[in-house]
Every structure is written in structure tokens, then in C-alpha cells.
Amino acid sequence: MVLAAWGSPAAAQPRPPAAMQETMDIGDEPGRVSTEEVSITDGPYARQMVLFRSNEAPGTVVIHSGERFLYVVQGNGRALRYGIGVGREGFTWSGQVQVSRKAEWPDWRPPPEMLQRQPYLPRFMAGGPGNPMGARALYLGSTVFRIHGTNQPETIGQAISSGCFRLANGDIVDLFDRVPVGTKVIIRHKATL
């Protein structure tokens, strides 16, 4: 059910004429400003320590894209969990990589495949609060994919990206400080027992 801003069903609200209705496609929004202080503080996507069964070494990053969570293994059956946005249908992937590089307020150069799908995107955007890469980025191996911030924190928990993993800016800043270059990153679609 879709809810209006004040919590009543959207169907109960008057609808604008069909000519004024728009489809809400939340893609990347270059130029939309968000600060590095934005964090998810309530609900299931809030950063928190959780029970987490894993044979991975402490410090390993495990992404469960189907659940929309990123875990940093802490040992003793625990992990620090972050809510994330993930790749939309057709843009999900799995595997094992390492963090190959880190950047604060990274520049953004959409890959050619993205530009082909979305030719209106800029060819280059300098890092900063209006950049869709957000406050920090962790580059994943030699892929074009990253774990990065976002200037759209409302997309956390959704499958909306072109394969990257998004965190609210406050959460990516926290993760950035915890994860060094060379960290093992495991990407899974769903939890394994």
C-alpha cells in the first residue's frame, strides 16, 4: 500500500489530472545536494550490531543484496550491519573481490554502458555534496562497481542502482573509516546457512 506523507492511504487523497501525473523513477540525481552527516537512525536499515554466523575473519565485508544489508564481521558471532540500496533487476551480481581503492567525495564518471542507457547523464562530475557517489567510495577490485554514499538516502533498502551498493552518507563515512584497502568483500544474493 502506498502511503501519503502523513500516513493515510494515498488512494484516499485526490489525484491530479492524468496530464499532471508523473512516473517516479528514482535514478541517479546529479546535482541533488546531501551532506555527509545523513545517517539512517530508525527502522530496520539503521546501523547496528547484530548476531551473525560466519566463518569469515573479523573485518570481512559480507553483502546480502537480497536482504539489503552489508555486514562487517566482528567475530564472536557478531557483525556491524548497515542498510544498503542494491542493483535493480538485471543489475545484481555476486562474487568475491577486495577493496582496491578508497576515495573521499569521489569524482563520478558514469561507465559507457550507463551512458548508453541514460544519455542525459553528465560525462564527468567532480566530487562533492551534489555528486551521486556521495561522501565516500570503496572501489571493488577491477570492476566498475563500488560501495558508496548517496545523495538519495530515501533509496536505502531498495533495488535501484546499476550494480553498486549505496549507503547513507553518514553510514559510508563510518564504514570507510573501518575498512582498509585490501579488505575481502563477499557479495551474495541471499543468506546461506
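1. Ala168 touches Val38, Ser39, Ile40, Thr150, Pro153 and Ile156, leaving aside residues up to four places away in sequence. The model is predicted. Ala168 sits in the loop between β10 and α2. Its relative accessible area is 0%, so Ala168 is buried.

2. Ala168 and Ile40 are 128 residues apart in sequence. In space, their C-alpha atoms are 6.6 Å apart.

3. Now the sheet. Nine strands make up an open sheet with mixed pairing. The order is β1-β4-β3-β2-β11-β6-β7-β8-β10. At the edges are β1 (48–51) and β10 (165–166), each pairing on one side only.

4. Which strand pairs with β10, and in what sense? The partner is β8, residues 146–148, and the sense is parallel. Two bridges join β8 and β10. Ile147 stands opposite Phe165 of β10.

5. Thr183 lies between α2 (169–178) and β11 (184–188). Is Thr183 buried or exposed? Its relative accessibility is 8%, under the 20% cut-off, so Thr183 counts as buried.

6. The side chain of Thr183 has a polar partner. One of its polar atoms lies 2.7 Å from the backbone oxygen of Pro180.

7. What does Thr183 touch, not counting residues up to four places away in sequence? The contacts are Gly59, Thr60 and Val61, together with Val97, Gln98 and Val99.

Notes
Residues are numbered from 1 along each chain as its sequence is written. This is a predicted model: local features need pLDDT of at least 70, side-chain atom pairs count only at pLDDT 80 or more; totals for chains, interfaces and linings use all residues. Side-chain values use heavy atoms; hydrogens and water are left out. Two strands pair if DSSP finds at least two bridges between them. Helices (H or I, at least four residues) and strands (E, at least two) are DSSP runs, numbered from the N terminus. Buried means under 20% relative accessible area, exposed over 50%, partly exposed in between (1.4 Å probe, protein chains only). A polar contact is a pair of N or O atoms within 3.5 Å; within protein, one must be able to donate a hydrogen and the other to accept it, and residues adjacent in sequence count only if both atoms are side-chain atoms. Contact means heavy atoms within 4.5 Å.
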